[in-house]
Amino acid sequence: MKSLSILTALTLATPVVAQQSFAPPDGCEAKLTVQHKGCVMVNVWTCEADNPGDQWIALFGQVGLFSVQKVDAEFQWIESFKMSGTERLITPAEDPASLTDLFSDQIDTWDFTLETETGTERNVGFDMLTGETTVIDGETLLNTEFQGRTLDSDGNEIESSSGRQYVSEEHRIFLFGEAWTADDPSQVTDMSPIDFIYPDEPGFFTDQPQYECNQTDASFRP
(Lines give C-alpha, C1' and ligand atoms only; values in the text may rest on other atoms or scores of the structure.)
Protein backbone atom coordinates (compact mmCIF):
# COMPACT_ATOMS: atom_id res chain seq x y z
CA MET A 1 0.00 0.00 0.00
CA LYS A 2 1.33 3.42 -0.97
CA SER A 3 0.74 5.03 2.46
CA LEU A 4 2.61 2.29 4.28
CA SER A 5 5.46 2.54 1.77
CA ILE A 6 5.66 6.26 2.55
CA LEU A 7 6.04 5.51 6.25
CA THR A 8 8.69 2.89 5.50
CA ALA A 9 10.63 5.30 3.31
CA LEU A 10 10.52 8.02 5.95
CA THR A 11 11.51 5.63 8.72
CA LEU A 12 14.51 4.40 6.76
CA ALA A 13 15.47 8.00 6.07
CA THR A 14 15.31 8.93 9.75
CA PRO A 15 17.08 6.45 12.07
CA VAL A 16 17.25 6.90 15.83
CA VAL A 17 20.76 8.23 15.32
CA ALA A 18 19.23 11.14 13.52
CA GLN A 19 20.36 12.75 10.32
CA GLN A 20 20.43 16.50 9.81
CA SER A 21 17.97 16.56 6.92
CA PHE A 22 14.76 14.90 5.83
CA ALA A 23 13.25 14.33 2.39
CA PRO A 24 9.62 13.78 1.37
CA PRO A 25 8.82 10.74 -0.79
CA ASP A 26 9.12 10.84 -4.59
CA GLY A 27 6.36 12.82 -6.26
CA CYS A 28 5.92 15.03 -3.20
CA GLU A 29 6.95 18.59 -2.36
CA ALA A 30 8.26 19.83 0.98
CA LYS A 31 6.31 22.87 2.19
CA LEU A 32 7.00 23.82 5.79
CA THR A 33 8.90 22.98 8.97
CA VAL A 34 7.63 24.12 12.37
CA GLN A 35 9.73 23.88 15.50
CA HIS A 36 7.69 23.65 18.71
CA LYS A 37 8.33 23.76 22.42
CA GLY A 38 8.50 20.40 24.20
CA CYS A 39 11.09 18.87 21.86
CA VAL A 40 8.58 18.47 19.03
CA MET A 41 8.75 19.51 15.40
CA VAL A 42 6.71 18.88 12.26
CA ASN A 43 7.45 18.71 8.56
CA VAL A 44 4.61 19.32 6.10
CA TRP A 45 4.48 18.22 2.46
CA THR A 46 2.03 17.60 -0.37
CA CYS A 47 1.96 14.90 -3.05
CA GLU A 48 0.88 15.09 -6.69
CA ALA A 49 -1.16 11.89 -6.50
CA ASP A 50 -3.34 13.09 -3.59
CA ASN A 51 -6.59 15.00 -3.65
CA PRO A 52 -6.34 18.82 -3.74
CA GLY A 53 -5.83 20.15 -0.23
CA ASP A 54 -4.43 16.92 1.20
CA GLN A 55 -1.29 17.33 3.30
CA TRP A 56 1.15 15.02 5.05
CA ILE A 57 2.56 15.88 8.47
CA ALA A 58 5.55 14.10 10.01
CA LEU A 59 6.03 14.49 13.76
CA PHE A 60 9.44 14.20 15.37
CA GLY A 61 10.49 13.86 18.99
CA GLN A 62 13.82 13.48 20.67
CA VAL A 63 14.43 9.98 19.28
CA GLY A 64 13.31 10.80 15.74
CA LEU A 65 10.23 10.25 13.60
CA PHE A 66 7.29 8.78 15.51
CA SER A 67 4.17 9.59 13.50
CA VAL A 68 3.08 10.44 9.96
CA GLN A 69 -0.42 11.82 9.46
CA LYS A 70 -2.41 12.52 6.33
CA VAL A 71 -5.04 15.25 6.58
CA ASP A 72 -7.44 16.67 4.02
CA ALA A 73 -8.32 20.29 3.27
CA GLU A 74 -10.66 20.36 6.29
CA PHE A 75 -7.95 18.89 8.54
CA GLN A 76 -9.73 15.59 8.95
CA TRP A 77 -7.34 12.85 10.10
CA ILE A 78 -7.56 10.59 7.05
CA GLU A 79 -4.71 8.26 8.00
CA SER A 80 -2.08 8.06 10.71
CA PHE A 81 0.95 5.82 10.67
CA LYS A 82 2.91 5.12 13.84
CA MET A 83 5.32 2.49 15.01
CA SER A 84 2.50 1.23 17.24
CA GLY A 85 0.12 0.76 14.32
CA THR A 86 -2.10 2.38 11.73
CA GLU A 87 -5.24 4.47 12.19
CA ARG A 88 -7.76 5.32 9.47
CA LEU A 89 -10.84 7.50 9.41
CA ILE A 90 -14.11 5.62 8.96
CA THR A 91 -16.18 7.52 6.42
CA PRO A 92 -18.60 9.11 6.29
CA ALA A 93 -18.02 10.62 9.74
CA GLU A 94 -21.03 11.30 11.96
CA ASP A 95 -19.97 14.97 12.23
CA PRO A 96 -16.84 15.61 10.15
CA ALA A 97 -14.19 18.03 11.36
CA SER A 98 -14.29 21.15 9.19
CA LEU A 99 -11.94 24.12 9.07
CA THR A 100 -14.44 25.83 6.76
CA ASP A 101 -17.08 25.68 9.50
CA LEU A 102 -14.59 26.84 12.11
CA PHE A 103 -13.57 29.90 10.09
CA SER A 104 -17.15 30.83 9.15
CA ASP A 105 -19.01 29.99 12.36
CA GLN A 106 -16.23 30.44 14.95
CA ILE A 107 -16.89 26.92 16.23
CA ASP A 108 -16.70 23.42 14.77
CA THR A 109 -18.04 20.32 16.47
CA TRP A 110 -16.81 16.88 15.46
CA ASP A 111 -17.76 13.27 15.97
CA PHE A 112 -15.69 10.77 14.02
CA THR A 113 -14.41 7.23 14.43
CA LEU A 114 -10.95 5.85 13.71
CA GLU A 115 -10.19 2.25 12.87
CA THR A 116 -7.08 1.25 14.83
CA GLU A 117 -5.00 -1.90 15.26
CA THR A 118 -6.92 -2.71 18.46
CA GLY A 119 -10.44 -1.71 17.42
CA THR A 120 -12.39 1.47 16.82
CA GLU A 121 -12.02 4.74 18.69
CA ARG A 122 -14.70 7.41 18.61
CA ASN A 123 -13.61 11.03 19.01
CA VAL A 124 -16.12 13.73 19.96
CA GLY A 125 -15.55 17.37 20.80
CA PHE A 126 -15.21 20.87 19.43
CA ASP A 127 -12.75 23.55 18.34
CA MET A 128 -13.68 27.19 18.93
CA LEU A 129 -12.05 30.43 17.84
CA THR A 130 -11.44 32.81 20.73
CA GLY A 131 -11.46 35.93 18.55
CA GLU A 132 -7.80 36.56 19.35
CA THR A 133 -4.77 36.22 17.12
CA THR A 134 -1.13 35.59 17.94
CA VAL A 135 1.89 36.43 15.78
CA ILE A 136 4.70 33.88 16.09
CA ASP A 137 7.83 34.21 13.96
CA GLY A 138 5.94 36.49 11.58
CA GLU A 139 2.96 34.10 11.19
CA THR A 140 -0.50 35.34 12.13
CA LEU A 141 -2.32 32.49 13.87
CA LEU A 142 -5.89 32.26 15.13
CA ASN A 143 -6.24 31.23 18.77
CA THR A 144 -8.54 28.32 19.53
CA GLU A 145 -9.90 26.43 22.50
CA PHE A 146 -10.84 22.77 22.32
CA GLN A 147 -12.35 19.93 24.29
CA GLY A 148 -12.31 16.32 23.21
CA ARG A 149 -13.09 12.81 24.38
CA THR A 150 -11.96 9.47 23.02
CA LEU A 151 -14.24 6.44 23.52
CA ASP A 152 -13.62 2.77 22.85
CA SER A 153 -15.99 0.55 20.87
CA ASP A 154 -18.05 -0.09 24.03
CA GLY A 155 -18.46 3.61 24.76
CA ASN A 156 -15.96 3.66 27.61
CA GLU A 157 -13.92 6.84 27.88
CA ILE A 158 -10.24 6.31 27.06
CA GLU A 159 -9.21 9.90 27.64
CA SER A 160 -10.54 13.41 27.88
CA SER A 161 -8.56 16.57 27.26
CA SER A 162 -8.92 20.31 26.83
CA GLY A 163 -6.62 23.03 25.74
CA ARG A 164 -5.71 25.97 23.59
CA GLN A 165 -4.22 25.61 20.14
CA TYR A 166 -3.46 27.67 17.07
CA VAL A 167 -4.78 27.37 13.55
CA SER A 168 -3.29 28.83 10.37
CA GLU A 169 -5.71 30.05 7.73
CA GLU A 170 -2.88 30.25 5.23
CA HIS A 171 -1.68 26.66 5.68
CA ARG A 172 -5.03 25.20 6.84
CA ILE A 173 -3.40 23.30 9.67
CA PHE A 174 -3.72 23.20 13.44
CA LEU A 175 -0.61 23.77 15.52
CA PHE A 176 0.01 22.53 19.04
CA GLY A 177 -0.48 24.85 21.99
CA GLU A 178 -1.37 24.12 25.61
CA ALA A 179 -3.25 20.99 26.69
CA TRP A 180 -4.34 19.31 29.89
CA THR A 181 -6.37 16.27 30.89
CA ALA A 182 -9.67 16.31 32.73
CA ASP A 183 -8.09 14.26 35.53
CA ASP A 184 -5.37 16.83 36.24
CA PRO A 185 -6.08 20.24 34.69
CA SER A 186 -3.25 21.80 36.68
CA GLN A 187 -0.68 19.84 34.64
CA VAL A 188 -0.43 21.90 31.47
CA THR A 189 1.71 20.73 28.56
CA ASP A 190 2.90 23.60 26.35
CA MET A 191 4.06 22.69 22.85
CA SER A 192 3.43 26.04 21.19
CA PRO A 193 5.19 26.79 17.90
CA ILE A 194 8.38 28.84 17.92
CA ASP A 195 9.89 28.83 14.41
CA PHE A 196 8.29 28.62 10.95
CA ILE A 197 10.89 27.56 8.42
CA TYR A 198 10.47 27.65 4.64
CA PRO A 199 12.46 26.26 1.70
CA ASP A 200 15.99 27.66 1.39
CA GLU A 201 15.97 28.76 5.04
CA PRO A 202 18.36 27.16 7.56
CA GLY A 203 16.72 24.23 9.32
CA PHE A 204 14.12 23.55 6.64
CA PHE A 205 13.04 19.89 6.63
CA THR A 206 15.50 18.88 9.28
CA ASP A 207 14.69 15.90 11.48
CA GLN A 208 15.94 17.51 14.69
CA PRO A 209 13.66 19.17 17.27
CA GLN A 210 15.47 22.16 18.76
CA TYR A 211 13.63 23.37 21.83
CA GLU A 212 13.32 21.97 25.36
CA CYS A 213 14.87 18.61 24.52
CA ASN A 214 16.35 16.56 27.36
CA GLN A 215 16.83 12.94 28.34
CA THR A 216 13.08 12.30 28.49
CA ASP A 217 11.31 12.39 25.15
CA ALA A 218 8.18 14.51 24.95
CA SER A 219 5.11 12.33 25.42
CA PHE A 220 1.75 13.30 24.01
CA ARG A 221 -1.03 12.12 21.75
CA PRO A 222 -1.59 14.40 18.73
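Visitor: Why is cysteine 39 called buried?

Guide: Please bear in mind that this is a predicted model. Cysteine 39 has a relative accessible area of 1%. Buried means under 20%, and therefore cysteine 39 counts as buried.

Visitor: What makes the link between cysteine 39 and cysteine 213 a disulfide?

Guide: The sulfur atoms of cysteine 39 and cysteine 213 are 2.1 Å apart. The cut-off is 2.5 Å, so the pair qualifies as a disulfide. The two cysteines lie 174 residues apart: cysteine 39 is in the loop between S1 and S2, and cysteine 213 is in the segment after strand S13 (193-197). The torsion about their S-S bond is about 95°, so this disulfide is right-handed.

Visitor: Why is cysteine 213 described as partly exposed?

Guide: The relative accessibility of cysteine 213 is 35%. Partly exposed covers the values between the 20% limit for buried and the 50% limit for exposed, so cysteine 213 belongs to that class.

Visitor: How many disulfides does the rule give, and how do you know that cysteine 28 takes part in one?

Guide: The count comes to 2 disulfides. The sulfur atoms of cysteine 28 and cysteine 47 are 2.0 Å apart, and the limit is 2.5 Å, so this pair is a disulfide as well. When the bonded cysteines are numbered in sequence order, the pairing reads 1-3, 2-4.

Visitor: What makes aspartate 54 and lysine 70 a salt bridge?

Guide: The closest N and O atoms of aspartate 54 and lysine 70 are 3.8 Å apart. A salt bridge requires such atoms within 4 Å, and therefore the pair is counted. Aspartate 54 sits in the loop between strand S2 (40-47) and strand S3 (55-61), whereas lysine 70 is in strand S4 (residues 64-71), 16 residues apart. In general, side chains of opposite charge can pair when their charged atoms come close.

Visitor: Are aspartate 54 and lysine 70 buried or exposed?

Guide: Aspartate 54 has 9% relative accessibility, and lysine 70 has a relative accessible area of 13%. Buried requires a value under 20%, so aspartate 54 is buried, and so is lysine 70. Salt bridges that share partners also join Asp50, Asp54 and Lys70 into one network.

Visitor: How do you know that arginine 122 and aspartate 111 form a salt bridge?

Guide: The closest N and O atoms of arginine 122 and aspartate 111 are 2.6 Å apart; the limit is 4 Å, so the pair meets the rule. Arginine 122 is in strand S8 (residues 119-136) and aspartate 111 in strand S7 (residues 107-116), 11 residues apart. At 37% relative accessibility arginine 122 is partly exposed, whereas aspartate 111, at 12%, is buried. By this rule the count comes to 10 salt bridges.

Visitor: Which residues touch the most other members of the largest nonpolar core?

Guide: They are Ile57, Phe75, Leu99, Val167, Ile173, Leu175 and Phe196, in a core of 24 residues. Strand S11 gives the most to this core, with 4 residues. Leaving aside neighbours within four places in sequence, phenylalanine 75 is in contact with Ile57, Ala97, Leu99, Arg172, Ile173 and Phe174. Apart from this core lies another, of 13 residues, among them Cys28, Met41, Ala58 and Phe81.

Visitor: What makes serine 192 buried, and with which side chain does serine 192 make a polar contact?

Guide: Serine 192 has 7% relative accessibility; the limit is 20%, so serine 192 is buried. This residue lies in the loop between strand S12 (189-190) and S13. The side chain of serine 192 makes a polar contact of 2.6 Å with the side chain of aspartate 190. Not counting residues up to four places away in sequence, serine 192 touches His36, Lys37, Tyr166, Phe176 and Gly177.

Methods
Residues are numbered from 1 along each chain as its sequence is written. This is a predicted model: local features need pLDDT of at least 70, side-chain atom pairs count only at pLDDT 80 or more; totals for chains, interfaces and linings use all residues. Side-chain values use heavy atoms; hydrogens and water are left out. A salt bridge is a side-chain nitrogen of Lys or Arg within 4 Å of a carboxyl oxygen of Asp or Glu. Buried means under 20% relative accessible area, exposed over 50%, partly exposed in between (1.4 Å probe, protein chains only). A nonpolar core is a set of buried Ala, Val, Leu, Ile, Met, Phe, Trp, Tyr and Cys residues joined through side-chain atoms within 4.5 Å. Contact means heavy atoms within 4.5 Å. A polar contact is a pair of N or O atoms within 3.5 Å; within protein, one must be able to donate a hydrogen and the other to accept it, and residues adjacent in sequence count only if both atoms are side-chain atoms.
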